[in-house]
Structure formats: C-alpha cells, structure tokens
Amino acid sequence: TNPGDDSVDKNDNDLNGYEDDINGWDFVDGDGVLSGATKNETAHGMKVAGCAGARGGNCIGVSGSCQECQLILIRIGTTTTDVDEADAIRYATHMGAGVINNSWGYDGVPIPEVVAQAIEDATTIGRNGLGAIVFFAMTDDACDNGAVPNDCSPYPDISSLEDVIAV
C-alpha cells in the first residue's frame, strides 16, 4: 500500500504524478485500478507476484518465498510503448522497490535506450542510492521461432544488459 495515496479520491495526494496509486499503477489503462489481465494477456506477472508474496499459515494452501514482503503492482502489456515501459521501471524505482522483477522483453528488436537507461537508473540510484536489484526472464524466442532452427536475432535479449540479473 502506498501510504502517501491511501484513498480513492481522484487526487494525487502524494504528488508523484499518479492519481490514486494505492497499490501500484496500470500503465495499460493509465490508472491505479489494477484489475488484472485482459483476454489477450496471460496474467503471468500476477502469478509470479503470488508465488513471491503469498502469505503462509492462513489455511489457503499457498505460501510464497517472501511471505512478509511488500509488493508494488505494476501492469504493462502489448499496448504500452517503450516510454511507458521505462516509466514503469522509473515508477518502481521512485516508490522504493528493492527488487524489480520483469517477465517481458523485446524479441528480435533492439532494446530501446529509454528502457536501458531506466534500468541503469534503478540499479544505481534506486533504494536511496543503494541500487535496486533488477531481474528479467530470459527468452530464446528470437532464436527458436520454429521456422528456421537456430535462426537467431542479431539483437541481445534484455536479460543480457549489464545491470540485469537473468533468470
């Protein structure tokens, strides 16, 4: 929960540029209402967040790997731009995220400079100058497209950036 913006009142109470971002921000719909994935999305990020932060000992049957962690929910999708994706990383950095986990990237195209810079900023100035840890899921989609085996893209995967830990 964002203590600086703790009610749905159509105001940006913490003056961070995001109105009513109580639990995070939806960069697809441009609001603080994180309603989940659409029919064209997989909700993968929500599932990963659940694996990480699910509280144990509550008789629900699921325990996450970090049961006491706080989550900042951020949604991007197929309709977001490079700038939106960079802004999502900047938002997490500004909100104090210690770990930024990402399961998205750029298959077969160059990594946008604005996104690479946002990642570098997160790892150097995040957490009040200590730097945030940034994870990206590796992909081999650009190298194994089924049409031509091992027909790899000339562009590196986003998980290959110097400031990223690939998983």
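Two rings of Phe, Tyr or Trp (its six-membered ring) are taken as a pair if their centres lie within 6.5 Å. By this rule the protein shown above contains six aromatic pairs. The structure is a predicted model. The protein comprises three helices and five strands, which follow one another along the sequence in the pattern β-α-β-α-β-α-β-β.

**Overall composition**

- Of the 167 residues in the protein, 30% are buried.
- The accessible surface amounts to about 10000 Å², and carbon and sulfur atoms account for 53% of that surface.
- Among contacts with a separation of 6 or more, 50% are between residues 24 or more positions apart.

**The largest nonpolar core**

- In soluble globular proteins, nonpolar side chains tend to be buried together.
- The largest nonpolar core here has 18 residues, and Val115, Ile119 and Ile158 are the members that touch the most others.
- Helix H2 (82–94), helix H3 (113–125) and strand E4 each contribute at least two residues to this core.
- Helix H3 supplies the most, with five residues.
- Beyond its neighbours within four places in sequence, Val115 is in contact with Asp82, Glu85, Ala86, Ile89, Trp104, Tyr106 and Ile158.

**Alanine 116 in helix H3**

- Ala116 is located in helix H3.
- Ala116 counts as buried because its relative accessibility is 18%, and the cut-off for burial is under 20%.
- When residues up to four places away in sequence are set aside, Ala116 touches Ile111 and Leu161.
- Ala116 and Ile158 are 42 residues apart in sequence, and their C-alpha atoms are 8.4 Å apart in space.

- Ring pairs join Tyr18, Trp25, Phe27 and Tyr91 into a cluster.
- Tyr18 and Phe27 form an edge-to-face pair, with 5.8 Å from centre to centre and 65 degrees between the planes.
- Tyr18 has a relative accessibility of 17% and therefore counts as buried; Phe27, at 9%, is likewise classed as buried.
- Phe27 also pairs with Tyr91: the ring centres are 6.2 Å apart and the planes stand at 75 degrees, so this pair is edge-to-face. The angle qualifies because planes over 60 degrees apart count as edge-to-face.
- The pair of Phe27 and Tyr91 links distant parts of the chain, 64 residues apart. Phe27 lies in the loop between strand E1 (24–26) and helix H1 (44–53), whereas Tyr91 belongs to helix H2.
- Tyr91 is buried, at 2% relative accessibility.

**A nonpolar patch on the surface**

- Val99, Ile133, Ile165 and Val167 form a nonpolar patch on the surface. Together these four residues have about 340 Å² of accessible area.
- Ile133 lies in strand E4 (residues 133–136).
- Ile133 has a relative accessibility of 37% and so counts as partly exposed; that class covers values between the limits of 20% and 50%.

Methods:
Residues are numbered from 1 along each chain as its sequence is written. This is a predicted model: local features need pLDDT of at least 70, side-chain atom pairs count only at pLDDT 80 or more; totals for chains, interfaces and linings use all residues. Side-chain values use heavy atoms; hydrogens and water are left out. Helices (H or I, at least four residues) and strands (E, at least two) are DSSP runs, numbered from the N terminus. Buried means under 20% relative accessible area, exposed over 50%, partly exposed in between (1.4 Å probe, protein chains only). Contact means heavy atoms within 4.5 Å. Accessible areas come from the Shrake-Rupley method with a 1.4 Å probe; for residues, only the protein chains shown count as cover. Patches are made of residues with over 30% relative accessible area and no salt bridge: like charges are joined within 9 Å, nonpolar side chains (Val, Leu, Ile, Met, Phe, Trp, Tyr) within 5 Å. A salt bridge is a side-chain nitrogen of Lys or Arg within 4 Å of a carboxyl oxygen of Asp or Glu. A nonpolar core is a set of buried Ala, Val, Leu, Ile, Met, Phe, Trp, Tyr and Cys residues joined through side-chain atoms within 4.5 Å. Rings of Phe, Tyr and Trp (its six-membered ring) pair if their centres lie within 6.5 Å; planes under 30 degrees apart count as stacked, over 60 as edge-to-face and the rest as tilted.
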